Amino acid sequence: YTAAQLTARAQLTSPLTSYLPGASTNFTWGAVSGADQYWLDVGNTVGQGDICAVSTTGTSFTCNGIPVTALITSPPAGQQLSTSATFCWAGRTIYAQLWTHFPGTGWQTPMRYTFSSPPADYWLDVGSVLGQGNLFAGVIAGTCKSVTLPTGLGTIYVQLYTRVPAVTGAWYGPVRNTYGAP
């Protein structure tokens, strides 16, 4: 093998944007001359394949089960709310890394990629009963919503659904948090 072959690494050719297309994503890469295997990890943290991990001789793999649901970022779960609460959420970051293997020399340093959740719509339910939006329920285009809450309800349940792609896609979730009522 030449030095050029030993430093060659496969690179993703799809997806090309910083957004993943959805919960099921086909990852493709170009073949590298002399390589006999590729390893793809897709995970919630850098260097982890906790969503998908595959060793293959091919140049593509479809990873299913990628979490596209947004996470409620504020207020923190369990917090006591005031009568005017603003709930905010953010998309997830997903990491991928692709290794190239050459027989007799081993795995090369991986190429690393960072992706954001795809553009989405959100459905927010705020209620005094788990799974109900009896205080607020509706589609939100942004990433925050202020809700006026009555006092004396005990526990407030918040659940957030994510629709990917926005407007026409499937709903995922919910992500749930529980709070103390004002």
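Reader: Which residues of the largest nonpolar core touch the most other members?

Author: In soluble globular proteins, nonpolar side chains tend to be buried together. A nonpolar core here is a set of buried Ala, Val, Leu, Ile, Met, Phe, Trp, Tyr and Cys residues joined through side-chain atoms within 4.5 Å, buried meaning under 20% relative accessible area, exposed over 50% and partly exposed in between (1.4 Å probe, protein chains only). In the largest core, of 23 residues, Phe 87, Trp 89, Leu 124, Val 126 and Val 158 touch the most other members. At least two core residues come from each of strands E7 (84–90), E11 (121–127), E12 (136–140), E14 (155–164) and E15, and E14 gives the largest share, 4 residues. Strands (at least two residues) are DSSP runs, numbered from the N terminus. The model is predicted: local features need pLDDT of at least 70 and side-chain atom pairs count only at pLDDT 80 or more, whereas totals for chains, interfaces and linings use all residues. Residues are numbered from 1 along each chain as its sequence is written, and side-chain values use heavy atoms, without hydrogens and water.

Reader: Where is Thr 69 found, and is Thr 69 buried or exposed?

Author: Thr 69 is in the loop between strands E5 (60–63) and E6 (71–74). Thr 69 counts as buried because its relative accessible area is 11%. Beyond neighbours within four places in sequence, its contacts are Arg 92, Thr 162, Tyr 172, Gly 173 and Val 175, contact meaning heavy atoms within 4.5 Å.
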